[in-house]
Amino acid sequence: MNRRLSVFNVTSLVFGFAFLYLPILLLVIYSFNASRLVTVWGGFSTQWYGALFRNQALMEAAWVTLRIALLSATLATVLGTLAALALTRYGRFPGRTLFTGMVYAPMVMPEVITGLSLLLFFVAVDLDRGFWTITLAHTTLTMCFVTVVVQSRLMTFDRSLEEAAMDLGAPPLRTFFSVTLPLIAPSIVAGFLLAFTLSMDDLVIASFNAGPGATTLPIRIYSAVRLGLSPEVNAASTILIGIVTLGVISATLLSKRSVLRSRRNAH
Amino acid sequence: MMERSFTRRLAAGLVPAVPYLWLGVLFLVPFLIVLKISLSDPAVSQPPYKPVFEWGDMAAFFGDLDLENFALLTEDDLYFRATLSSVRIAAISTALLLLVGFPIAYGMARAPERYRGLLVAAIILPFWTSFLIRIYAWVAILKPEGLLNQALMGAGLIAEPLDILNTETAVYIGIVYAYLPFMVLPLYATLEKMDDTLLEAALDLGSTPWRSFWTITVPLAMPGIIAGSLLCFIPAVGEFVIPDLLGGSETLMIGRQLWSEFFSNRDWPLASAVAILLLVILVVPIVIYRDVEARRVEVRP
């Protein structure tokens, strides 16, 4: 089959990717602006990065955000993997329809509803708002994304390897840890990274469930942005974009290597 | 031996039970609470609603519930207008997303195979960077003295700066920008699998490219069109950040209304009633989306 790119195809790709990347690029460029006015170029400077690291409140919020993201992504990875196993390996268990509903709904549900309902729940059970309520809220949302990522891997998975291990007398738990888990590991890592990023990024759900002493970075950035453009926010954004880009590139390289390795082993 | 198989079955039962229980407690129960509180009256005390749940007093508890908040929603046409404008903005944005996303997905599907993985990664990469930051980036671009106006005036295309920020146009730009990966990826997934010989056959039989696009490509891409549209429409209806940062005070949207009832007016029961209203609007699209998604994941080879 010979597919050829027409001029129209190339043009739409060029414009599409320019549209996606130009705003981010401009944001990064203007973080090195000497002027306090974000949209007027006043020469190259890294002063906003210095100001950023001296901003105690922002650094503290970044630390809280990082801890919440690590903890909630870890919990979400375990819960999401279990849910994916339940959906792919347990056939029609009672209440399966409700279960799939609860897995798919939070992903598209407007965040204001999820945030509000969790907050009202935490108030009803008398849990103080803060670090833990945000962590629980993020775990609940992100485990659904982990479920879908791991589930799609389990669907394309060669069951005969598991069956062979069982036939040779390996108990189910051992089969899981020595056969299933290594094979689905890349999707679990991808699920973890997705959960981590979503948690780092969330403003709405965190705003509803934050309390005194637990302000996250997006909440701080949002309140700064509401007051107007700030070059410090550009600097903070650039650092976040840098971390994410590095993370995505290294994850891609890692998964490529593991694909190559498993291919080599297969032959 | 008996005992061992019992523990084994218990361990096997825990696999669905643990996530089931987690979602039940932290997803389903909170919804029921929202429903309950939307039926209660606001109180000045903390937490700002009543009645506070007491086990011994069920009769009084249910006696206190009423539809007052929902009556308020129908009386004040602010909520009606906010609902209409949310649905309208989300629908127009979804149409624009299809218009912008389809050519990109089509171009990706026709690109040489060795580049496709890279193109998919390039579509996903912006999604990994903060949503808030990507919307913030547009503020600097769309401001009256912003980068877009500087560029257009510098090129001599316009004499006066365009007023884009704090209008509905800015909201459309923001939604299309932020949701583009959610539209492109499902479209790409269906277009990539498409059999080109069908198009060739149609052209050989004398069909025009335009006609074969509408009679072959579009129907075959329909699962992707539906999935992508729902994936964009549903969260767009309840969007808060984009209308708040780009839309200015004029743009009415229901998610924003909920936010201000909660954070500015501290009327939790009314905010809950708005949440129920939003959910009622979205329940049909969400159920369709769940079925489409569950089917898509399960029929995969």
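These exercises walk through helices, packing and loops in a predicted model.

Residues are numbered from 1 along each chain as written, and chains are lettered from A in the order written. Local features need pLDDT of at least 70, side-chain atom pairs count only at pLDDT 80 or more, totals for chains use all residues, and side-chain values use heavy atoms, without hydrogens or water.

**Exercise 1. Describe helix α5 of chain A: find its span and say how far it is enclosed.**

Step 1. Helices are DSSP runs (H or I, at least four residues), numbered from the N terminus. Helix α5(A) covers residues 111–124, which is 14 residues.

Step 2. The expected span is 1.5 Å times one less than the number of residues. For α5(A) this gives 20 Å, and the distance from first to last C-alpha is close to that, at 20 Å.

Step 3. Check burial. Buried means under 20% relative accessible area, exposed over 50%, partly exposed in between (1.4 Å probe, protein chains only). Twelve of the 14 residues are buried, so α5(A) is largely enclosed by the rest of the structure. Among them are Val112(A), Gly115(A) and Phe121(A).

**Exercise 2. How do α6 and α8 of chain A pack?**

Step 1. Two packed helices are described by the angle between their axes and the distance between the axes. Axes are lines fitted to C-alpha atoms over the stretch in contact, and angles run from 0 to 180 degrees between N-to-C directions.

Step 2. Helix α6(A) (residues 131–155) and helix α8(A) (residues 172–201) pack at about 145°, with axes 8 Å apart.

Step 3. Find the contacts (heavy atoms within 4.5 Å). Residues of α6(A) including His138(A), Phe145(A) and Arg153(A) take part, and on α8(A) the partners include Leu183(A), Gly191(A) and Leu198(A).

Step 4. Sort the contact residues: twelve are nonpolar, six polar and one charged. Here Ala, Val, Leu, Ile, Met, Phe, Trp, Tyr, Cys and Pro count as nonpolar, Asp, Glu, Lys and Arg as charged, and the others, Gly among them, as polar.

**Exercise 3. Compare two loop residues, Asp126(A) and Arg266(B).**

Step 1. Asp126(A) lies between α5 and α6 of chain A. Arg266(B) lies between α12 (254–263) and α13 (268–299) of chain B.

Step 2. Read phi. Asp126(A) is not a glycine, yet its phi is positive, about 65°. Arg266(B) is not a glycine either, and its positive phi is about 50°.

Step 3. Read accessibility. Asp126(A) is exposed because its relative accessibility is 69%. Arg266(B), at 40%, is partly exposed.

**Exercise 4. What is the secondary structure of chain B?**

Solution. Chain B has 13 helices and zero strands. Of its 301 residues, 52% are buried.
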